Amino acid sequence: MADYEQQARKNIKEAQKRLNSWSLPFIGSLNSSRYEEAAELYEKAGNIFKLAQQWKNAGDAFTEAAVLFMRGNGAKFEGSRAYDNAAKSYKRIDPKAAITALEAAVKLDQEGGNFRSAARHYQDIAELYENELNRPNDAFKTYKEAANLYLADESPALANKCLLKVAQISADLEDYPTAIEKYEQVAAASADDPLLKWSLKEYFLKAGLCHLCTDDTVKTSQALANYCNMDVSFESTREYALLRGIIDCVNQGDIERFTQIVYDYDKLTRLDAWKTAVLLKIKKAIDCEDLR
């Protein structure tokens, strides 16, 4: 480890030596080359620090490389790549520092018209907000930004992945109208794609459960009818039967039948944690209605 650190420090020293070397101010190409060479040496140092598992030093070295790439010839691609490497190092020890580096990468990506890369970096930021920092509102915003940029890049499958995260987080925050909108948006985008059409029943089920959380069974029934128009096979699925049965239970205040319907569905198609949590909210609403 000490040898790795020594090698990295040697590269940084050489980079600083080149930056401090004298050159005529009016010879732009020489100055540009000097910055580029120094940036590459900082990148080498960053990679060696990674081998030594010195994550902050690695992140700092990559960040300096990004700054130098931009000072040299304004190389946005190289600068974004260096910030991305910095973020990968920082995220091991400091998610906030990783987000700062990724935000700098996004700025360069957008200036260079590289929407796919900007979207990917926004997605990385959203995952840090969601999984490391427990900031769902910020995760919601950045997943949405990522989706918009994937759409600008004409990458609908990647956009849909981010929109599904927006929908999930919205439901977790009990913003059911937004969750419904996003699940239905992804379903509409998938309806005519043979490779994605198999997922429609999952999107319809999640949207339908969110509808039920609004305590409006009339709109939920209307939504089910619309889903059947979008996909004629949906009415024959177990997902449709589950939603239709729950609507009846809510209207009748029948908690025992609700429990049996959910149990029967779960026996054949295991409910995940998200669906289970939403179903418990619906069940609680029926219980509360019975107490009135």
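Colleague: How are α6 and α7 oriented, roughly parallel or roughly antiparallel?
Modeller: This is a predicted model, and in it α6 and α7 pack at an angle of about 165 degrees. Angles over 145 degrees count as roughly antiparallel, so the two helices are roughly antiparallel to each other. Their axes are 8 Å apart.
Colleague: And which hand does the crossing of α6 and α7 have, left or right?
Modeller: α6 passes α7 in a left-handed crossing.
Colleague: Nice. Which residues meet there?
Modeller: On the α6 side they are Phe-115, Arg-116, Ala-118, Ala-119, Arg-120, Tyr-122, Gln-123, Ile-125, Ala-126, Glu-127, Tyr-129 and Glu-130. On the α7 side you'll find Asp-138, Ala-139, Thr-142, Tyr-143, Glu-145, Ala-146, Leu-149, Tyr-150 and Ala-152. Sorted by class, that contact has 13 nonpolar, two polar and six charged residues.
Colleague: OK, now α6 with α8. What angle do their axes cross at?
Modeller: Roughly 25 degrees, and the axes come within 12 Å. For reference, α6 covers residues 115-132 and α8 covers residues 156-172. The cut-off for roughly parallel is under 35 degrees, so α6 is roughly parallel to α8.
Colleague: What about the handedness of α6 on α8, left or right?
Modeller: The crossing of α6 and α8 is left-handed. From α6, the contact uses Arg-116, Gln-123 and Glu-130. From α8, Leu-158, Lys-161, Cys-162, Lys-165 and Gln-168 take part.
Colleague: How does the contact of α6 with α8 split by class?
Modeller: There are two nonpolar, two polar and four charged residues in it.
Colleague: Let's stay on α8. How many residues has it, and how far does it reach?
Modeller: α8 has 17 residues and reaches 24 Å from its first C-alpha to its last. That is close to the 24 Å expected at 1.5 Å a residue.
Colleague: Which residues of α8 are buried?
Modeller: Ala-159, Asn-160, Cys-162, Leu-163, Val-166, Ala-167, Ile-169, Ser-170 and Ala-171. One of them, Cys-162, also takes part in the contact with α6.
Colleague: What follows α8?
Modeller: Glu-174 does, with a positive phi near 65 degrees. Glu-174 is found in the loop between α8 and α9, the latter being residues 176-190.
Colleague: Is Glu-174 buried or exposed?
Modeller: Glu-174 counts as exposed, since its relative accessibility is 51% and the cut-off is over 50%. Gln-53 is another residue other than glycine with a positive phi, near 60 degrees.
Colleague: Where does Gln-53 sit?
Modeller: In the loop between α2 (28-51) and α3 (55-72). At 52% relative accessibility, Gln-53 counts as exposed.
Colleague: Changing topic: which helix holds Lys-10?
Modeller: Lys-10 lies in α1, residues 2-20. With a relative accessible area of 64%, Lys-10 is exposed.

Notes: Residues numbered from 1 in each chain as written. Predicted model: local features only at pLDDT ≥ 70, side-chain atom pairs only at ≥ 80, totals over all residues. Heavy atoms only, no water. Axes fitted to C-alpha atoms, helices over the stretch in contact; angles between N-to-C directions. Helix = DSSP H or I, 4+ residues; strand = E, 2+ residues; numbered from the N terminus. Parallel < 35°, antiparallel > 145°, perpendicular 65-115°, else oblique. Left-handed = near helix turned anticlockwise from the far one by under 90°. Contact = heavy atoms within 4.5 Å. Nonpolar A, V, L, I, M, F, W, Y, C, P; charged D, E, K, R; others polar. Expected span 1.5 Å × (residues − 1). Buried < 20%, exposed > 50% of the residue type's maximum accessible area, 1.4 Å probe, protein only.
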